[in-house]
Amino acid sequence: MVKISRRSALRLGAGLLAAPALVQRVGAQQAFDWQRFKGEKVEVSLTANPRSALLVQHQREFEELTGIKVGAEQIPEQQHRQKFAIEFASGRPSFDVVGISLHVNKRQVGRARWCADVKPLIQDASLTAPDFDFGDFGQGAVAYSTQADGRMDTLPEFTDYFILYYNKDLLAAKNIAVPKTFDELYTAARALTDPAKQQYGFVGRGLRNANVVLWSSFLLGTRQRDTVSADMKLLTDTPDAVWATEMYQKLMRDCAPPGNVGFNWNECQTTFMQGRAAFWIDGVGFAAPLEDRTRSRIAGKVGYAVVPAGPAHHHCCLFGTGFGISEQSRRRGAAWLYVQWATGKQNQLRYLTSGAGAPARSSPFRNEEAIAASRFPREFFTTLIESARIARPGLPEIVPVTEFRDTIGTALTNTIGGADPATELKRATDAFRPVLEQSERAT
């Protein structure tokens, strides 16, 4: 007869009490099966960019994991937006999963209810992998993927923060510190501008439409922060909006290269890579070529910092993308498995370490081994982490976003030529207000 000590009995009893919970957990894990939809095929419509290229490059990994075939297309951004809108409106989209630019199409997609709410899928243990870790997604990215009515009709994929790039050598030559405010940025940029040497203190987007997101960076620092109120009133000719436009005008007229009215991000990037600009504010996704020693004269000399603070607040522009599942899809389960894989920790880490952009998940930033092996300095990663804490949407969540950017962008471009900011904003606001009002009536 085997004697059982009191301590052993207590341990045994505790184990028996814990057994039901353990069985439940094991059962929940067993209920999920990556091979559940083996033999199906999902159609995926992606915007052509480095992140989509990575997913297509590695999609064999998903196919072997699940037994699901993937038909993926990559379409240039403007054409992609038009294509998926037309297909959704037809009621018979050709795709199950679609990549969506939230800063352009969030409200359009949400009002039309084109994509399924993924919250029930996340909560379904039979459809969501035990290690999916929804809590790993940043709060800002989750809020961006959530509609005003609470439906989460996309899963966050990518977050694009505007940051401050600076040329370390140019600042060091004049013993100038990294600016903490926009006023300091202007003062430093003026001091570093020397047209005789083709050296400029600042470079930024001047091209109509493209320039609005730079202007938003300044507006986010004011008391107002937003261009459209919660009740859909236009706020683009207010004193704060005028201040933001005056800051934009000063930097572009006094500190930037000639011809900048035609600059989009590509021209800005080229100018900065050539060492001809001290500061550049733009998206973090443009960092990779700056550190490419075969293309960039300043590789290894680039500084990264959060966007400076304004007179009232300190925010940076946030843009982002998410994956939606078509409400019309007959392969919703297989589509959800694809979305889980596409936004999983491994692919999100690939985004970060390849320089393809800032992932929507937080865990890649804690991967010390990957960060140490990256070609980017630690300052790059800390800037992204800090930017995530202060990020706010850089464009209003309205349907006619393109028209908004065209109209306000024209006013901004005119100020580079010397036009009065207040006058230009008043004209642009009066022109766009009926467009916004009409879009809100057309439900």
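Helices here are DSSP runs of H or I, at least four residues long, numbered from the N terminus. Axes are lines fitted to C-alpha atoms over the stretch in contact, and angles run from 0 to 180 degrees between N-to-C directions. This is a predicted model, where local features need pLDDT of at least 70, side-chain atom pairs count only at pLDDT 80 or more, and totals for chains, interfaces and linings use all residues. Residues are numbered from 1 along each chain as its sequence is written, and side-chain values use heavy atoms, leaving out hydrogens and water.

Select residues 50-57 (helix H2) and 345-354 (helix H14): their axes are 10 Å apart, at an angle of about 130°. Now show Arg-51, Leu-54 and Leu-55 in H2, which meet Asn-347, Arg-350, Tyr-351 and Ser-354 in H14 (contact means heavy atoms within 4.5 Å).

Next, pick H4 (residues 77-90) and H5 (residues 102-112), whose axes come within 12 Å and cross at roughly 5°. H4 and H5 are therefore roughly parallel.

Last, colour by pLDDT, the predictor's confidence in each residue, from 0 to 100. The protein averages 91, and 93% of the residues score at least 70. Select residues 1-29, though, and pLDDT stays under 50, with 3 contacts beyond four places in sequence.

Key: Helices (H or I, at least four residues) and strands (E, at least two) are DSSP runs, numbered from the N terminus. Angles under 35 degrees count as roughly parallel, over 145 as roughly antiparallel, 65 to 115 as roughly perpendicular and the rest as oblique.
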